[in-house]
Amino acid sequence: MKLITSIILFLISISSFSQNDLEKQIEFIEKNIILNSMSDFEKIETDLDNDNDLDYIYLYQCSEPKCIEVYLNVNQKLEKVISEFCYNFYLYNGTNKDLVIKQNHCCGESPFTSNRVFNFHLDQTITKENYVLYNESYELFEPSFYLSTSYDVKILNNNYNVRFSPNIREYDEDESQFSCETKTNIIGKLKVNSRTKVLSELIKGNRIWLFVEIESENLNDTECHNPIDYDFKGQKLRGWISNKFVSKSKN
């Protein structure tokens, strides 16, 4: 009986020590945030990675945009796994929690937004989506928008136009302010023989439009400014292309 009592007391003391250590880490993190913040911070405590301990999300005003920091609890040690600018974020709760971080491009009137989606599992951080989108690129944003299975196409013409909408028409100057050709919806130029992933299809008029995700290296940024501005590894561009001069890639 004495042995059992001793073991219980020992375990309680370890737990108490770990909790005190965790609180000191949180205190240190929050002191640093206060030093760098222009106002109060927002704090979310939740088990992001389903390992039965609390993780932490902080949002605070660090400059014109806000800053977001995410800390995973790894064996009672808080590891910073995300730290970047953010104008808005969404945390979708469920069996697997998805964290969506959005950041407008410079400057404030830019219609391009960085979209990054993270998932967490057992102390691991997984980047699920990482792309730049012109804010009006979705004309049909419904659950059925995406194909059940994406596929790749090969580009047959050099400097093939990528557009922010599935249209070919003249736009006014305000609409086309950030396009790379005056009064158009063109936001990129694809290199010949490059391959891109098709996420959705749309029949409009006498054309089939493809909503695609494009690797940065497949864009000709000498002919059109590459709208992927941030240094996020592997970030892609999403937009519309016609299917007129593409061929479906074989697996």
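## Cores, a buried serine and aromatic rings

Ser200 lies in strand E12, which spans residues 195-204, and the model in which it is seen here is a predicted one. Because its relative accessibility is 3%, Ser200 counts as buried. Its side chain comes to 2.5 Å from the backbone oxygen of Phe145, and, when neighbours within four places in sequence are set aside, the residues in contact with Ser200 are Phe145, Tyr146, Leu147, Trp209, Leu210 and Phe211.

Elsewhere, ring pairs connect Phe112, Tyr134, Phe164 and Tyr171 into a cluster.

Two arginines are placed over aromatic rings, as the table sets out.

| Arginine | Ring | Distance to ring centre |
|---|---|---|
| Arg116 | Phe232 | 3.8 Å |
| Arg238 | Tyr131 | 3.7 Å |

The largest nonpolar core consists of 21 residues, and those with the most contacts inside it are Val162, Leu190, Leu210 and Ile241. Strands that give two or more residues to this core include E8 (124-134), E11 (186-190) and E14 (236-242). Not counting residues up to four places away in sequence, Leu190 touches several others, among them Ile155, Tyr160, Val162, Ile214, Leu219 and Ile241. A second, separate core has 14 residues, including Ile57, Ile82, Phe89 and Phe118.

Definitions and conventions
Residues are numbered from 1 along each chain as its sequence is written. This is a predicted model: local features need pLDDT of at least 70, side-chain atom pairs count only at pLDDT 80 or more; totals for chains, interfaces and linings use all residues. Side-chain values use heavy atoms; hydrogens and water are left out. A nonpolar core is a set of buried Ala, Val, Leu, Ile, Met, Phe, Trp, Tyr and Cys residues joined through side-chain atoms within 4.5 Å. Buried means under 20% relative accessible area, exposed over 50%, partly exposed in between (1.4 Å probe, protein chains only). Helices (H or I, at least four residues) and strands (E, at least two) are DSSP runs, numbered from the N terminus. Contact means heavy atoms within 4.5 Å. A polar contact is a pair of N or O atoms within 3.5 Å; within protein, one must be able to donate a hydrogen and the other to accept it, and residues adjacent in sequence count only if both atoms are side-chain atoms. Rings of Phe, Tyr and Trp (its six-membered ring) pair if their centres lie within 6.5 Å; planes under 30 degrees apart count as stacked, over 60 as edge-to-face and the rest as tilted. A charge sits over a ring if NZ of Lys or CZ of Arg is within 6 Å of the ring centre and within 35 degrees of the ring normal.
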